[in-house]
Amino acid sequence: MIPRSKRQFEASGRSLPTGPTAGFTDVHCHCLPGLDDGPSDRIKTLDLCRALAADGIETVVATPHQLGRFEGCYDAGTIRDAVAELNGSLRDAGIPLTILPGADVRLDERIPRLIETGDVLTVADRRRYLLLELPHEVFIDPQSLLPGLASIGVAAILTHPERHVHLARNPGLVERWVEFDMCLQLTAGSFGGGFGQLSQDAAWTFVCAPMPILVATDAHDTAGRSPRMSEAYRLLARRLGTDSARILCVENPRRAVEGKELLMLARDDMPREVIR
Ligand SMILES: [Fe+2]
């Protein structure tokens, strides 16, 4: 049985990982040079990769935007080639980071077909999880897309709902997608207020949502959109406890990259003040 909660994980006889705040996996990062709105060149990419490694991250899924305003700008093969080239550059530069291929995919009804044809990339190219981004300006319900994804064995990880104004103001909306195995990705920087008060409050609300949740950086650079994963881990550990913080920042991101089922936080383990 795949453990769906911390209790089941412990009951399975395995212990949750403990230890220092390192060994993070980041499933959402714009780190490839010159493709999207991430680093514009190789030097800035290496600067971002040094910042990711210094933040305790060991494995990164490179997730340039696909579809939406970036449709037709580069294809899946270009992303895979850029990942291979960056891994070579990291080895040459002595930066202890491994990059895997992926994409940050804008909501589009063609996604299931484009996954099947290999044109849209899933997390770590495993065809198990898709990073799904909603349009920022308006709310479009992704529900009609989810059965098509499920039919090809892919679960959506909805990216940064806490930074979507309509979802942040109506966090209960995500519960309608639980039956389609949707997961949530919260942004590391949101927990400390890096995206404003609304997103910060919403991040602490969404962390209690009744679905699998993981934290990722969605980093683009070393300044305003820097990684902040270790900061998120410390904030989550202080409020939810170390085991929950490790599920959100270490275990679930690693499971997503490995194509394994994600763990749920046990709601009755949460401090009363974070349950709304
Ligand atoms: Fe992103």
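Guide: Contact here means heavy atoms within 4.5 Å, and the model to which the word is applied is a predicted one.

Visitor: What does F191 touch in that sense, apart from residues up to four places away in sequence?

Guide: F191 touches L186, Q200, A203, W204, V207, V215, A232, L235 and L236. One of these, A203, is 12 residues from F191 in sequence, and their C-alpha atoms are 6.2 Å apart in space.

Visitor: Why is F191 called buried?

Guide: Buried means under 20% relative accessible area, and F191, at 1% relative accessibility, therefore counts as buried. F191 is found in the loop between β8 and α7.

Visitor: Why is the arrangement of donor atoms around the iron ion called irregular?

Guide: The protein donors are H28 (NE2), H30 (NE2), D104 (OD) and D218 (OD), which lie 2.1 to 2.4 Å from the iron ion. Four donors count as tetrahedral if all angles lie between 85 and 135 degrees, but the 4 donor atoms here subtend angles of 79 to 171°, and the arrangement is therefore irregular.

Visitor: How do you know that these four atoms are donors of the iron ion?

Guide: Donors are N, O and S atoms within 2.8 Å of the metal, and the atoms of H28, H30, D104 and D218 lie 2.1 to 2.4 Å from the iron ion, so they qualify.

Visitor: What makes H28 and D104 a pair that ties together separate parts of the chain?

Guide: The donors follow the spacing H-x1-H-x73-D-x113-D along the chain. H28 lies in strand β1 (residues 24-29) and D104 in strand β5 (residues 104-106), so the pair ties together parts that are 76 residues apart in sequence. Both H28 and D104 are buried.

Visitor: Why does L67 count as buried, and why is R228 called partly exposed?

Guide: The limit for buried is under 20%, exposed is over 50%, and partly exposed is in between. L67, at 9% relative accessibility, therefore counts as buried, while R228, at 27%, counts as partly exposed.

Visitor: How do the axes of helices α8 and α9 cross, and which residues meet there?

Guide: The axes of α8 (residues 229-240) and α9 (residues 242-258) come within 7 Å and cross at roughly 145°, and the crossing is right-handed. M229, Y233, L236, A237 and L240 in α8 meet T242, S244, A245, R246, L248 and C249 in α9. The residues of this contact divide into 8 nonpolar, 2 polar and 1 charged.

Technical notes. Residues numbered from 1 in each chain as written. Predicted model: local features only at pLDDT ≥ 70, side-chain atom pairs only at ≥ 80, totals over all residues. Heavy atoms only, no water. Axes fitted to C-alpha atoms, helices over the stretch in contact; angles between N-to-C directions. Helix = DSSP H or I, 4+ residues; strand = E, 2+ residues; numbered from the N terminus. Left-handed = near helix turned anticlockwise from the far one by under 90°. Nonpolar A, V, L, I, M, F, W, Y, C, P; charged D, E, K, R; others polar. Donors = N, O, S within 2.8 Å, 3.2 Å for Na, K, Ca; no water. Tetrahedral: all angles 85-135°; square planar, octahedral: opposite > 155°, others 65-115°. Buried < 20%, exposed > 50% of the residue type's maximum accessible area, 1.4 Å probe, protein only.
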